[in-house]
Amino acid sequence: MPRPLWSGSISFGLVNVPVVMFSAARDLGVRFNQLHAKDGARIETRRYCAEEDKEVPFEEIGRAFDLDDGKTVVVTDEELQEVAPRRTRTIDIEAFADLAAIDPIYFDHPYFLAPIGDSDGTRRAYQLLVEAMDRDEQVAIGRFVMRTKEYLVAIQVRDERLALTTMRWGDEIRSTKGIDTGGKKPAKAQLDQAVALIEALGTEWEPEAWDDRHRARLEDVIERKRKGQTIKAPAQEREEPSPVPDLMAALEKSLAEAGSGKKKAAPRKEKAEARDGELADLSREELYERAQEEDVPGRSSMSKGELIDALEG
Amino acid sequence: MPRSLWNGTITFGVIAVPVKLYTATESRTVRFREVHLADEGKIEHRRFCSKEEKEVPYDEVVKGHEVREGEFVVLEKEEIEAAAGDRAKIIELESFVEATAIDPVFYEKTYYVGAGDAGTDAYRLLHDALGATGRAGLGRFTFHNREYLVAVRPLDGILGLHTMRFADELVPGKDIDFSAPSRKPAEKEIEMARKLVDSLHEEYDPGKRTDSYREAVLEMIERKASGKKPRKAKEKPPEETPDLMAALEASLAGKK
């Protein structure tokens, strides 16, 4: 069970349910530590008071806010909490809205809420919220305060649990003014062709079909480095394609390719061929090193392409 | 005119769409800096070598990944770059999915995508065709040495690009474990709760709600600056509901 990030209660009308909050997203990215190059020892960050040039324990650190007139105000956590004591303890549901009415630009971080305590009544009240809110395409809108920040949240039912997503405030979304909206409106025939192309490349949303290739590559680089290999960034880069002069002709060509299955509509799963996909990115030297590792016969006279073939085989 | 973060090309089929990327969101949370309470001195974060007990200049710091307890593999900047993948500035839209089929949990960060200097008709065509189909284009995008899965869709007259979480980064509901109540809520209770849900339904307007806590924090700071005592809010957190049915009835009555 993950660690709860917040505890309080969710309040719906006069129904009030004690809950704890867990993150519904985990960072699986490869983690790095800062090390001292010389001796490989871990780097520690220490807080120093610049005035006294002395290390300061955590309890002696406060929060300062600089006003425009140069004055500084130091506030404590208690003062921040007292500004809105209810909201630091309670997620108030204010309204319900259609999920489709909320643009994804507003969504920030997902969480789960779980009932807390041994009370059967609490779990029953939680279950009641789940049953009442488990309706398609609808979310509850609420707000609460966590660690000195107020969050606007959307709550819906996922996996039979209350799932909360924090949202950005209206004034945290920038204006699109001044951003180039492109050229002229497409002619109907062109639009029809483009729609046909998009439909031809249409698939179901299958999130599991997309893997984090970056994570896999980083893990591979670490493994190779561990074995003492040298790793170089790929030198070649694909060139950016130029805009086509004749959109209609390009649409027809694209449609023909999409129809013939030459262009795969489904996302390319890379896990199995992760190494193969990368081989093409390696220099001949690096390929040769790998060939040495795998003891490929005749490797010294092979071209880059032959090395790739041999390593793939 | 906003400044673009990245210039590149989106492709669909054999069509190339030159684009520029812009920041779309910004946090407005009140920011504080750390100070030493005793003398309001600035707090500095200094790097120390845990072995030598000595401060370490930044150029002597390297990045290491712990492969086993205490065993690190150090990666140079170039080696980390090697994992970035295709650094070409191309986002190939590989497939198109119903935009409404994507659960909110997948969306991470949003950028605005504007037309580039050339091929602006292709930009408009992609925008209009995505709008007509209700689909979002999916592809991969390398930005600052990291590859992302992204969804591209129409947004406020231009295109929006969302970086997406990968499926295995989402915690499955079953990991959040708790026992079921001994007795399920009664049909009557559920019915009343649904009535309450319906009575609270509204047309969503993101501009309607503002961060009133942010305003209250700023006001408290102002009061402190002018030597006044901060105002204490008088609200009390609510207590646990002993009688569900009575609470539902009272809530509904309060709505009328």
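## A sheet built from two chains

Strands β6(A) and β7(A) are antiparallel and joined by four bridges; strands here are DSSP runs of E with at least two residues, helices are runs of H or I with at least four, and both are numbered from the N terminus. Across this pair, A:Phe65 stands opposite A:Val73 in β7(A). Helix α4 (residues 212-225) of chain B packs on the sheet and touches β6 and β7 of chain A, its direction making about 115° with that of β7(A). Angles run from 0 to 180 degrees between N-to-C directions, and axes are lines fitted to C-alpha atoms, for helices over the stretch in contact.

Strand β6 (residues 61-66) of chain A is also joined by four bridges to strand β3 (residues 33-36) of chain B, again antiparallel. In this pairing A:Arg63 stands opposite B:Glu34. The result is an open sheet of three strands in the order β7(A)-β6(A)-β3(B), where two strands count as paired if DSSP finds at least two bridges between them. β7 (72-75) of chain A and β3 of chain B each have a single partner strand, so one side of each is left without a neighbour in the sheet.

## The model

This is a predicted model, in which local features need pLDDT of at least 70 and side-chain atom pairs count only at pLDDT 80 or more, while totals for chains, interfaces and linings use all residues. Residues are numbered from 1 along each chain as its sequence is written, with chains lettered from A and ligands numbered from 1 in the order in which they are written.

## Contact between the chains

In chain A, 162 residues are in contact with 167 residues of chain B, contact meaning that C-beta atoms placed from the backbone lie within 7 Å. Helix α2 (residues 120-133) of chain A gives the largest share of chain A's side, 11 residues. That side divides into 80 nonpolar, 29 polar and 53 charged residues. Ala, Val, Leu, Ile, Met, Phe, Trp, Tyr, Cys and Pro count as nonpolar, Asp, Glu, Lys and Arg as charged, and the others, Gly among them, as polar.

Helix α3 (residues 188-200) of chain A packs against helix α2 (residues 120-133) of chain B at about 65°, with the axes 9 Å apart. Among the residues that meet there are A:Leu191 and A:Ile198 from α3(A), and B:Leu125 and B:Ala129 from α2(B). By class, this contact has eight nonpolar, two polar and two charged residues.

## Helix α4 of chain A

Helix α4 (residues 213-226) of chain A is followed by A:Gly228, whose phi is positive, near 90°.

Methods: Two residues are in contact if their C-beta atoms, placed from the backbone, lie within 7 Å.
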